[in-house]
Amino acid sequence: MPQRRPTSILVAFGGNAILKEQQQGTAEEQFANLDSALECVADLIQEGFKVIITHGNGPQVGVLMRQGEAAEDLVPPMPLDVLVAETQGQIGYMIQNSLVNIFRTRQIKRSVVSVVTQVVVNADDPAFDNPSKGVGRFYTEEQAQARMANREDLVMREDAGRGWRRMVPSPEPIDVLEVDFVKGAYSGGTW
Amino acid sequence: MIACGGGGIPVLFRDGRYRGVEAVIDKDRASAVLAARCGVEVLLILTDVEQVYLNFNEPDQIGIDYMSVEEAMDYLQEGHFPEGSMRPKIEAAIDFLNLGGERVIITSLDKVKEAVDGRTGTHLSWA
């Protein structure tokens, strides 16, 4: 039985669409990866889909953590929520720039915008009692113990035989604070 | 429209206001919530592999063309999908369908067109 063709799609890009594992992480590499990864979004739009894009930020947030640590004697390091916000702007810009150029080439009249998005989690989420998601770079055990001695709230653990790493909670998403804006803007079909 | 980057900025409601918290939200699960709340029909989760597999990386590995929610939950329980890789994607797919979404497609970046046309990828829906 033929199914009705859907008209709306959310495309969730993984981290490897932006940065491949063996790459250094330069801006040029990330733009080049996106230039090819985002062609499929233009295909979907040309087929009549309304599209929302989401993306990962693992490597990018790891770099920001590392920069913060390297400069912690000069300027205060930012907490993880602020770093996630920074990557939304950084990667959002890269996607916008790449996609706007693809649209221009294909003569698609469409604006591309990124929304800094806050996602509500529950304070009672059991994840807060069990930080299980590794973030940032790997350390030796001695380095990790020294960092934990300096910061009471820091949890670091051996992660899959690759060294010691900061562990943070990964709570369930409950709601998106900016959802009304996202819904209104994307369903109009011009963004 | 680009939203929920990195799973979104995690915030808690505490003492009468929203505050950021030192945590990370799985980006596929946040995508599921966003897609459902926006009334999006299809959630397309891109990953390194063209399909979801049973017995992944074993000699008897088998690609899944279609899974119902019930089948997906059975496979999860049987431990088919590894923590930290395919498992959260399957959980996100189930979340989205539970929240009223119509269809989930899991595939790789280079197969988007074929997967949306139903020729590859792993597709999930209620029936």
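## A strand pairing in chain B

In strand β8 of chain B, the bridge partner of Ile106(B) is Thr122(B), where strands are DSSP runs of E with at least two residues and helices are runs of H or I with at least four residues, both numbered from the N terminus. This is a predicted model, in which local features need pLDDT of at least 70 and side-chain atom pairs count only at pLDDT 80 or more, while totals for chains, interfaces and linings use all residues. Residues are numbered from 1 along each chain as its sequence is written, chains are lettered from A and ligands numbered from 1 in the order in which they are written, and side-chain values use heavy atoms, with hydrogens and water left out.

Strand β7 (residues 103-108) of chain B pairs with β8(B) in the antiparallel sense over three bridges, and two strands are said to pair if DSSP finds at least two bridges between them. Strand β6 (residues 66-68) of chain B runs parallel to β8(B) and is joined to it by three bridges, with Met67(B) having Leu124(B) as its bridge partner. In a regular strand the side chains alternate between the two faces of the sheet. In β8(B), which comprises residues 122-125, both faces are covered, since Thr122(B) and Leu124(B) on one side are buried, as are His123(B) and Ser125(B) on the other; buried means under 20% relative accessible area, exposed over 50%, and partly exposed in between, with a 1.4 Å probe and protein chains only.

## Two helices of chain B

The axes of helix α2 (residues 69-77) and helix α3 (residues 86-98) of chain B come within 10 Å and cross at roughly 150 degrees, the axes being lines fitted to C-alpha atoms, for helices over the stretch in contact, with angles from 0 to 180 degrees between N-to-C directions. That makes α2(B) roughly antiparallel to α3(B), a term for angles over 145 degrees.

On the side of α2(B), the contact is made by Val69(B), Ala72(B), Met73(B) and Leu76(B), and on the side of α3(B) by Arg87(B), Ile90(B), Glu91(B), Ile94(B) and Leu97(B), where contact means heavy atoms within 4.5 Å. By class, this contact has seven nonpolar, no polar and two charged residues; Ala, Val, Leu, Ile, Met, Phe, Trp, Tyr, Cys and Pro count as nonpolar, Asp, Glu, Lys and Arg as charged, and the others, Gly among them, as polar.

## An open sheet in chain A

Chain A has six helices and seven strands, and buried residues make up 45% of its 191 residues. Three of its strands form an open sheet in the order β4-β6-β5, with antiparallel pairing. Because β4 (133-139) and β5 (156-158) of chain A stand at the edges, each with a single partner strand, one side of each is left without a neighbour in the sheet. Neighbouring strands of this sheet are turned by 40 degrees against each other on average, direction ignored.

Three bridges connect β5(A) with strand β6 (residues 164-168) of chain A, and the bridge partner of Met156(A) in β6(A) is Arg166(A). Helix α5 (residues 141-150) of chain A lies across β4, β5 and β6 of that chain and runs at about 115 degrees to β4(A).

## A helix covered by both chains

Helix α2 (residues 39-46) of chain A has as its buried residues Cys40(A), Val41(A), Ala42(A), Leu44(A) and Ile45(A). What covers them includes β1 (8-13), α1 (27-37), β2 (50-55) and α4 (80-106) of chain A, together with α4 (112-116) of chain B. α2(A) is followed by Gly48(A), whose phi is positive, near 100 degrees.

Technical notes: Parallel < 35°, antiparallel > 145°, perpendicular 65-115°, else oblique.
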